[in-house]
Amino acid sequence: MKFRSLIFANLFRKKVRLILTVGSFAVALFLFSFLAVVKGAFGRGADIAGADRLVIINRISIIQPLPLAYRDKMLRIPGVKAVTHNNWFGGVYQDEKNFFPQFAIDVENQRKVLPELVVPDDQWANFVKDRTGAIAGAKTAKRFGWKVGDRIPIKNALFGAANVWEFTLDGIYHSEKAGGDESQFWFQWDFFEERMPQSFKGNVGWYVLRLDNPDDAPRVGKAIDDMFANSPFETKTETESQFAAGWVKQFGNIEFLILTIGAVVFFTLLLVTGNTMAISVRERISELGTLKAIGFSDRRILFFVLAEAVIISLVGGLLGLGLAMLAIPVLAAALNGLLPTLILSPAILSVGLATALLVGIVSGLLPGIGAMRMRVVNALRRV
């Protein structure tokens, strides 16, 4: 600390260069934080998926239906605890940009299979009795300002002629798991099926199955697919985490893309900061030689250079992470549910700060070693 005046005097000798270098760190750390948040958002479904659940879809595609009769057959397989089914609705609330997932659900078994999505018992009881009732996730309810008792019109053109379906919001669910999906909108399967074309009746979109023991997942999954092999509606059974990971892959290799961009940002930042420190050391060769001549050790000279590089990186890193903390919640709100929930976790902040510190040390190390090894006679020739 006793050399801080000397260190800060050197830092501020070229104010424009200092501002630009700190700014480059801030932008890079903001970009790093955003990429890490997006990566976490796409991977969160797989991370929090139930280990005791399987998802069964049509082998051709998830948009192809499966017979409702499959449910009772799957329940007879040893190790199966409960089975529920869902169907995508694809409606529009007020405006097409107001996207949120809407599902027709199996009221009898939904809570048995997905117990972490909690609805108060009184609200669920009202929902069960209400043919046109609906349950919304807390995130979606907050987004649109819905409260229990509201009438919610949703326009749908996916099944037959365009028409408006009117629902009464009977309840709001919350996820017991941190980062769980609170964006869904549920309504009763019976109400859905009675309004479907005759050609669709008796079919469902997909099944979600809960096991007695997660270790039984490979055996049960194989038994289901073997049972319906060579039928008109063959199945593809995966664990919930595999299904979530496969869904993300439809957007491309998000993880590879983000890691590649992150590596380029890190390398560029290293070059920018290293160049700044190298120029700074070259400009001060005579001063560093004078310090050596009056008794400063080689290690202390190295310390001065490293301290400057680390201060620049930490200040820039803190500014970038602070900007991310302010901007990411605003960005998440602006996306209107088009991406999974964006969460800037303490782990991301810690990794970002550690990255900034590492870049500062590495970028200052080579110029610092050069200054440390510099001979006093050669340095003082420039005085």
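At 55% relative accessibility, K147 counts as exposed in this predicted model. Side chains of opposite charge can pair when their charged atoms come close. A search of the whole structure finds twelve such salt bridges. One of the others joins D216 to R219, with the closest N and O atoms 3.6 Å apart; R219 is partly exposed, at 41% relative accessibility.

A further salt bridge is formed by the side chains of R53 and E116, at 2.7 Å from N to O. This pair links distant parts of the chain, the two residues being 63 residues apart. R53 belongs to strand 1 (residues 53-58), whereas E116 lies in the loop between helix 4 and strand 5 (117-118). Both partners are buried: R53 has a relative accessible area of 3%, and E116 has a relative accessibility of 12%. Each of these values is under 20%, the limit for a buried residue.

The protein chain as a whole contains 14 helices and twelve strands. Of its 383 residues, 45% are buried. When contacts between residues at least 6 apart in sequence are considered, 79% of them join residues at least 24 apart. The accessible surface of the chain comes to about 19,700 Å², and carbon and sulfur atoms account for 62% of this area.

Helix 5, which spans residues 121-129, has a buried side and an exposed side. Q123, W124 and F127 are the buried residues of this helix. Viewed down the axis of helix 5, these buried residues fall within an arc of 100°, so they line one face of the helix. An α-helix has 3.6 residues a turn, so residues three or four places apart point the same way. On the other side of helix 5, D121, D122 and K129 are exposed. The buried residues of helix 5 pack against several elements: strand 4 (102-105), helix 4 (110-113), strand 6 (133-137), strand 8 (163-175) and strand 9 (185-188).

Strand 8, one of the elements packed against helix 5, also holds T168. T168 is buried, with a relative accessible area of 15%. The side chain of T168 makes a polar contact with the side chain of R151, at 2.4 Å. With neighbours within four places in sequence left aside, the residues in contact with T168 are D130, T132, G133, A134, G149, D150 and R151.

A nonpolar patch is found on the surface, where L31, L257 and I261 together present about 230 Å² of accessible area. L257 is located in helix 10 (residues 254-283). With a relative accessible area of 48%, L257 is partly exposed. This value is over 30%, the limit that a residue must exceed to be part of a patch.

Conventions:
Residues numbered from 1 in each chain as written. Predicted model: local features only at pLDDT ≥ 70, side-chain atom pairs only at ≥ 80, totals over all residues. Heavy atoms only, no water. Buried < 20%, exposed > 50% of the residue type's maximum accessible area, 1.4 Å probe, protein only. Helix = DSSP H or I, 4+ residues; strand = E, 2+ residues; numbered from the N terminus. Arc of directions from axis to C-beta. Contact = heavy atoms within 4.5 Å. Patch = residues over 30% accessible without salt bridge, like charges linked within 9 Å, V, L, I, M, F, W, Y side chains within 5 Å. Areas by Shrake-Rupley, 256 points an atom, 1.4 Å probe, with all protein chains shown as cover. Salt bridge = Lys/Arg side-chain N within 4 Å of Asp/Glu carboxyl O. Polar contact = N/O pair within 3.5 Å; in protein donor to acceptor, adjacent residues only side chain to side chain.
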